[in-house]
Protein chains: 2
Amino acid sequence: GKKVLIVYAHQEPRSLNGSLKRVAVEELSKQGCSVTVSDLYAMHFEPRATRNDIVGCLQNSEEFNYGVETWEAYKRGGLSNDLIEEQKKVQEADLLIFQFPLYWFSMPAIMKGWMDRVLVQGFAHEFPNCYDSGLLKDKLALFSFTTGGSKEMYAKGGISGDIRYVLWPMQHGIMHFCGVKVLAPHICFAPEYVSEEKRKEMLIAWAHRLKTLWKEEPINCSPEWYFK
Amino acid sequence: GKKVLIVYAHQEPRSLNGSLKRVAVEELSKQGCSVTVSDLYAMHFEPRATRNDIVGCLQNSEEFNYGVETWEAYKRGGLSNDLIEEQKKVQEADLLIFQFPLYWFSMPAIMKGWMDRVLVQGFAHEFPNCYDSGLLKDKLALFSFTTGGSKEMYAKGGISGDIRYVLWPMQHGIMHFCGVKVLAPHICFAPEYVSEEKRKEMLIAWAHRLKTLWKEEPINCSPEWYFK
């Protein structure tokens, strides 16, 4: 069975994001996958990148450099426990699903903090091992999110621009940089402004997609896909 | 004199980001501006959007909706004190400067949390008052940041794509959405890989730009500027 890590950021289990997460756990488990969830709010996950992420002495305590210090700490096994735990989950996973509501054209800060703190140099990338030779190659990622704005607002020529523009930093800048292959995103537009009936259809559509997920080809994660 | 709020996110005062922040405080003060700094790491600023941001009872405690609850709380003066403080600073400012190191094609989580939590509906926008009619119109914003990658990597056709692609969510999706006019960004590429001499030149260039900042015209914050 495949291993899946769902990194989930919503405060409310009864939200559509909560339901989408549950649907994924159920459907993937039914397929025989082993599914782990990092429920970031429930974990009180720390989003701030600070000196606390390094156990013991710093390389250079005169001038703190987060990137350098976490890289060194990773190599000697000196990262804080919450980071080591998340890195283990990533290491074991074949697929990472990020489930969240879009906040300000991006992921909520608590999830951005997961990216900032978990994907340290040495673990996820190590120059020149980035992009196609990133250290997390052979893994897949999928961004699944809800929006406030409608599909029309997030169309090319719409007031908020093509939704693909907001995917560039997340899919290319983070996942592709680490070598992860990216599946097409799964987007539920403006669930707060549709009927309960429509929201149920959104859940069914997600479950349906997951049934054949392992047959999907990754997108071609290059500027053409985003900005053609 | 003009009022400036610098929202600053770096752990280390001795960093280039710390120096860029100091240069801005000095130069703008010299011009007679009144300058306030929100030093997010020093403030231990909370990036997580949670129920704690609302003082007292919720509108709907059965199903927590952060956007709805903070909007209601704003209207009745029931947001947490740290948010009210930041909103006061924003309200008084003519110019917002965001000073940070680029983390994963975006701002560090601690600064994303500032955006997520401070710019609540009712205060910064209130449909249909968004984009050109956003509630923070008549203010200016400027994103000033350092990168890990070089200028060549962040060129059109470079491996990381045009640096303007990463500016879209921050400048258009956040600031323009709130009605704020955006000045050209100020970018120091790859300061960790250049000489001390070059880093000093970066500080001088920033001070130099600030001397005539108030004469600058905002960019045309539309898709053409980003993706032409």
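Predicted model: local features only at pLDDT ≥ 70, side-chain atom pairs only at ≥ 80, totals over all residues.
Searching the whole structure turns up 28 salt bridges over all chains, yet the count between chain B and chain A is 0.

**Salt bridges in chain A**
- Lys75(A) and Glu72(A) sit 3 residues apart in helix α2, so about one helical turn separates them. Glu72(A) is partly exposed, at 25% relative accessible area.
- Glu12(A) pairs up with Arg14(A) in a salt bridge of 3.3 Å, N to O. Glu12(A) counts as buried at 5% relative accessibility, whereas Arg14(A) is exposed at 54%.
- Lys228(A) and Asp162(A) make another salt bridge, with their closest N and O atoms 3.9 Å apart. This one ties together distant parts of the chain, 66 residues apart: Lys228(A) is in the segment after α7 (223–227), and Asp162(A) is in the loop between β4 (140–146) and α5 (163–175).
- Glu27(A), Lys30(A) and Lys211(A) are joined in a network of salt bridges.

**A buried glutamate without a partner**
- Glu69(A) also belongs to helix α2 (residues 66–75) of chain A. Glu69(A) is buried but has no salt bridge, and the nearest side chain of opposite charge, Arg76(A), is 5.9 Å away.
- What does the Glu69(A) side chain have close by instead? A polar atom of that side chain lies 2.9 Å from the backbone nitrogen of Gln59(A).
- Leaving aside residues up to four places away in sequence, Glu69(A) touches Ile54(A), Leu58(A), Gln59(A), Asn60(A) and Phe64(A).

**Where chain B meets chain A**
- On each side, 48 residues are in contact with the other chain.
- Together the two chains bury about 4000 Å², with 63% of it on carbon and sulfur atoms. Arg48(B), Trp104(B) and Phe105(B) supply 20% of the area chain B buries against chain A, more than any other three residues.
- Salt bridges across the interface number 0, but 24 residue pairs are in polar contact there.
- On chain B's side, α2 (66–75), α4 (109–118) and α5 (163–175) each supply at least two residues. The largest share, 7 residues, comes from α5(B).
- The chain B residues touching chain A split into 26 nonpolar, 13 polar and 9 charged.

Methods: Residues numbered from 1 in each chain as written. Chains lettered and ligands numbered in written order. Heavy atoms only, no water. Helix = DSSP H or I, 4+ residues; strand = E, 2+ residues; numbered from the N terminus. Buried < 20%, exposed > 50% of the residue type's maximum accessible area, 1.4 Å probe, protein only. Lys, Arg positive; Asp, Glu negative; His and termini not counted. Salt bridge = Lys/Arg side-chain N within 4 Å of Asp/Glu carboxyl O. Polar contact = N/O pair within 3.5 Å; in protein donor to acceptor, adjacent residues only side chain to side chain. Contact = heavy atoms within 4.5 Å. Buried area = accessible area lost by both parts, 1.4 Å probe. Nonpolar A, V, L, I, M, F, W, Y, C, P; charged D, E, K, R; others polar.
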